[in-house]
Amino acid sequence: MSASKAIARIALFAALIVVLGMVTIPLPGGVPITAQTLGVMLAGTVLGPRRGPLAVLLVLVLAALGLPVLAGGRGGLGVFVGPTAGYLLGWIAGVIVIGVISRSARVSWWRTAVGVVVGGIVVVYLFGIPVQALVLGMDPGAAAVSTLVFLPGDLLKAVAVTVLTLALKRAYPPAFDDSLRLEPATHDARSAA
């Protein structure tokens, strides 16, 4: 895959993450239910552990610059010190774990499902819950219990990502191409004539 195609795929998944952030249900406690994590999970399964984090980082850089790219149209540096800050950082680690597990061998339903649950739920929660507790002045146990409201939706997203990943793998296998071949710009004088 050429560098320009790789960049286009990263940008496409960043855009997907942003668009899915428009689907949001606000909750007390400052952490909304959102479809944005579905895009993060897909970035891990499709782009893998090298390019997936770049798509997430692109979204986070755009948010830091003040663009309204996060759930509910949020952006700006304030989101990185709010109750969702740990979850946002967890996306980076989570997408790497998803990519490593789901892409460690041939794409399969069980490897994809395990990768998405471990990386997209467990790892993200491990980053998010302590920061949420710290920012809101909560006991970490109480913050963990309050997070249980997200678990059914996140498990449904994991199922959806597994199904979508397998369907995409069957329909368009080149989407999973991790190779990066820089094609030399050879210029043959005879072909230019």
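Aspartate 154 and lysine 157 are three residues apart in helix H6 (residues 151-171), which places them about one helical turn from each other; helices here are DSSP runs of H or I with at least four residues, strands are runs of E with at least two, and both are numbered from the N terminus. The side chains of these two residues meet in a salt bridge, at 3.2 Å from N to O, where a salt bridge is a side-chain nitrogen of Lys or Arg within 4 Å of a carboxyl oxygen of Asp or Glu. The model is a predicted one, in which local features need pLDDT of at least 70 and side-chain atom pairs count only at pLDDT 80 or more, while totals for chains, interfaces and linings use all residues. Residues are numbered from 1 along each chain as its sequence is written, and side-chain values use heavy atoms, with hydrogens and water left out.

**The salt bridge and its surroundings**

- Side chains of opposite charge can pair when their charged atoms come close.
- Aspartate 154 is buried at 8% relative accessibility, and lysine 157 is buried as well, with a relative accessible area of 13%; buried means under 20% relative accessible area, exposed over 50% and partly exposed in between, with a 1.4 Å probe and protein chains only.
- Threonine 37, which lies in helix H2, is in contact with Trp91, Asp154 and Lys157 once its neighbours within four places in sequence are left aside, contact being heavy atoms within 4.5 Å.
- Threonine 37 itself counts as buried, at 14% relative accessibility.
- Helix H6 also holds threonine 165, which is buried with a relative accessible area of 1% and which, leaving aside neighbours within four places in sequence, is in contact with Leu42, Thr45, Val107, Thr112 and Phe176.

**The chain as a whole**

- The secondary structure comes to seven helices and two strands, and along the sequence these follow the pattern α-β-β-α-α-α-α-α-α.
- Of the 193 residues of the chain, 44% count as buried.
- The accessible surface comes to about 9700 Å², of which 76% belongs to carbon and sulfur atoms; such areas come from the Shrake-Rupley method with a 1.4 Å probe, and for residues only the protein chains shown count as cover.
- Among contacts between residues at least 6 apart in sequence, 68% join residues at least 24 apart.

- Helix H1 (residues 3-20) has 18 residues and reaches 26 Å from its first C-alpha to its last, close to the 26 Å expected at 1.5 Å a residue; the expected span is 1.5 Å times one less than the number of residues in the helix.
- The buried residues of H1, among them Ile10, Phe13 and Ile17, pack against strand E2 (33-34), helix H2 (36-64) and H3.
- H2 spans only 17 Å between its end C-alpha atoms, whereas a straight helix of 29 residues would span 42 Å at 1.5 Å a residue.
- H2 bends by about 130 degrees at glycine 48, and proline 49 follows within four residues; the bend at a residue is the angle between axes fitted to the seven residues ending there and the seven starting there.
- H2 is mostly covered, with 21 of its 29 residues buried, and glycine 66, which follows H2, has a positive phi near 100 degrees.

- Leucine 89, in helix H3 (residues 85-102), is partly exposed at 46% relative accessibility.
- Valine 97 is also found in helix H3 and is partly exposed at 25% relative accessibility; leaving aside its neighbours within four places in sequence, valine 97 is in contact with Val118, Gly119 and Val123.
- Valine 97 and glycine 115 are 18 residues apart in sequence and 6.7 Å apart in space, C-alpha to C-alpha.
- The end C-alpha atoms of H4 are 38 Å apart, which agrees with the 40 Å that its 28 residues should span at 1.5 Å a residue.
- H4 bends by about 35 degrees at tyrosine 125, and just after H4, glycine 137 takes a positive phi of about 65 degrees.
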